[in-house]
Structures are given as C-alpha cells and as structure tokens.
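Dear colleague,

Please find the structure below. A short account of the findings follows it.

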Amino acid sequence: MHITFFYQTHLTEGQWSYINKVFFENDCRHRKYSLRSIFEAILYLLVSGCQWRMLPKDFPKWQSVYKFFRKWREDGHIEHFIEKTVMRIRRKRGQNESPTVGALDAQSVKWGNRQSDNGFDANKKIKGIKRNIVVDRNGFILGRTVDNAGKHDSKLAYPLCQQTAFFWPTLKKILVDRGYRGDIANQVKSDFMIELEVSNTPNGIKGFTPKPLRWVVERTFAWLDGFRRLTRNYEQSDESAEEMIDFATIKLLINHI
C-alpha cells in the first residue's frame with residue numbers, strides 16, 4: 001500500500017467515496033498505486049503550482065501520475081463527472097438539474113514558459129493564452145476552451161457554445177459583454193438555438209458595476225486564480241490547459257458535495 005503524508009489537498013472520506021463511485025465507477029482493481037493517491041497528486045500539483053517532476057516523493061512517481069492525467073483527458077471521464085456533479089449540487093440547492101441560462105467571458109493569461117502558447121492580446125497587453133468559460137448561476141463551469149490570446153473573444157465563442165450545447169442541451173440563453181455582438185450572436189442562435197444576450201453597463205455609470213448573473217463568471221475566474229498552476233499558463237498544449245481547468249472545477253465542486 002502506498003502511504004502519503006497529509007496535505008491540504010487530500011480528499012475527505014466522503015469526497016473520495018463520491019469520486020470513486022461516479023468517476024471510477026467503484027473500480028476495485030489492484031494497482032501498484034491507488035487511484036486515490038494519483039488523483040490527490042494531481043490536485044496537489046494544481047493547487048501548489050509545482051512541476052510534474054517536483055511532486056513530493058510520498059506521492060506515486062510523477063510519470064504514473066501524468067499517465068493517468070492524460071488517460072482521463074482522452075477517455076471522457078472528466079466531462080462526465082463534472083456534468084453529474086453539477087446536476088447533483090443544483091438538485092441539492094432546489095434548482096433544476098440542467099441550467100437554462102449561463103454567462104460567458106474570456107480571460108487572458110500570461111505564458112509561463114517558452115514551450116507554452118504565447119499569442120498576444122493587444123487589448124489587454126498580455127502575451128499567452130485566452131481562457132473562455134460558460135458558467136451557470138452558481139458559477140460552476142459548464143464549458144471551457146483554451147486558445148491563442150491573439151484571437152478575438154468573439155472568434156472563440158462559437159466552439160465554446162458548440163461544446164456547451166452538446167453537454168447542456170437545455171441551455172437557451174448566455175449573457176455576454178459587448179464584444180460578442182454581431183454575426184457571432186446570429187450564428188450561435190441559428191446553429192445551437194442559444195441566444196447571446198448582451199449585458200451592458202448603464203449609461204452615465206463609470207467604473208466596475210456588477211451586472212445581474214453575469215458577474216458570477218468573473219467570480220469563477222477569481223476562483224481559478226486561487227490555483228497556483230493556473231495563475232500563468234505552464235502547459236505545452238491547449239488540451240492540457242483545458243484539463244487543468246477541469247480538475248480545478250472538480251476541486252471546487254466536491255467542496256459542495
């Protein structure tokens with residue numbers, strides 16, 4: 001049995017019981033390293049921001065952890081788990097398990113190494129990547145994409161809405177800012193039956209003004225910034241960067257189980 005010391009990212013028995021049931025479908029096969037220790041190693045890396053090769057020695061070998069990290073990305077287990085967990089929490093809060101309204105926004109993130117994507121966002125003067133997310137009224141991520149920071153927000157909205165509509169077909173309206181006006185709104189409405197509603201700041205008001213429901217997407221970006229691995233982009237591929245967001249989403253969700 002592989003024994004690890006206690007870290008703040010370790011899962012409680014209740015959290016692990018739920019993850020083992022929904023994520024791993026009560027997988028009881030004998031392995032050299034337990035699935036729990038591998039899962040907790042990924043959470044440790046995500047929260048602490050360390051490199052793969054610098055995982056503490058009491059965790060499984062970093063090569064084994066990274067192997068499962070890639071495997072779970074490719075087999076679709078993560079998306080299924082997030083969907084089931086969001087629906088469970090919404091039921092627990094007395095909400096419909098599938099949302100009908102969401103909020104969309106983008107966040108430019110600086111690059112962390114020379115191997116990562118390094119597009120340039122001329123508007124925000126940031127060299128790196130652009131994260132795009134759709135959240136529900138609780139701030140839970142329903143869809144996410146990562147792309148070059150040099151692309152305009154509206155150009156990245158279509159694949160994100162396509163992804164979100166696939167997993168959440170009940171979604172009918174997404175609140176956005178003025179950068180998503182024009183052809184993209186008509187295209188999303190035509191192809192996915194989702195209305196992009198622009199939420200503007202009232203005339204005559206300067207500075208930051210919280211907008212009903214749409215402010216929750218900004219709060220979600222603040223939650224993601226609490227994971228040191230996500231404060232900059234250290235991933236060499238956009239797919240890996242997306243999975244880091246997925247594991248951050250899982251970490252946030254299981255706190256509400």
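Helices (H or I, at least four residues) and strands (E, at least two) are DSSP runs, numbered from the N terminus. This is a predicted model, in which local features need pLDDT of at least 70 and side-chain atom pairs count only at pLDDT 80 or more, while totals for chains, interfaces and linings use all residues. Residues are numbered from 1 along each chain as its sequence is written, and side-chain values use heavy atoms, with hydrogens and water left out.

Surface charge

Lys21 belongs to helix α1 (residues 13-22). Its relative accessibility is 58%, so Lys21 counts as exposed (buried means under 20% relative accessible area, exposed over 50%, partly exposed in between, with a 1.4 Å probe and protein chains only). Together with Arg88, Lys92 and Arg93, Lys21 forms a surface patch of positive charge. Such patches are made of residues with over 30% relative accessible area and no salt bridge; like charges are joined within 9 Å, and nonpolar side chains (Val, Leu, Ile, Met, Phe, Trp, Tyr) within 5 Å. Lys and Arg count as positive and Asp and Glu as negative, His and the chain ends not being counted. The place of a charge is taken as NZ of Lys, CZ of Arg, CG of Asp or CD of Glu. Accessible areas come from the Shrake-Rupley method with a 1.4 Å probe, and for residues only the protein chains shown count as cover.

Salt bridges

The whole structure contains 16 salt bridges (a side-chain nitrogen of Lys or Arg within 4 Å of a carboxyl oxygen of Asp or Glu). Glu74 pairs with Arg70 in one of these, with 3.7 Å between the closest N and O atoms. Glu74 and Arg70 are about one helical turn apart, because 4 residues separate them in helix α3 (residues 62-75).

Asp136 and Arg90 form a salt bridge at 2.9 Å, N to O. This pair links distant parts of the chain, 46 residues apart: Asp136 is in the loop between β3 (126-135) and β4 (141-148), and Arg90 in helix α4 (residues 77-92). Asp136 is buried at 0% relative accessibility, and Arg90 is buried at 5%.

A further salt bridge joins Arg144 and Asp246, whose closest N and O atoms are 2.6 Å apart. Since Arg144 lies in strand β4 and Asp246 in helix α8 (residues 238-254), the pair ties together parts 102 residues apart in sequence. Salt bridges with shared partners join Glu79, Arg144, Glu242 and Asp246 into one network.
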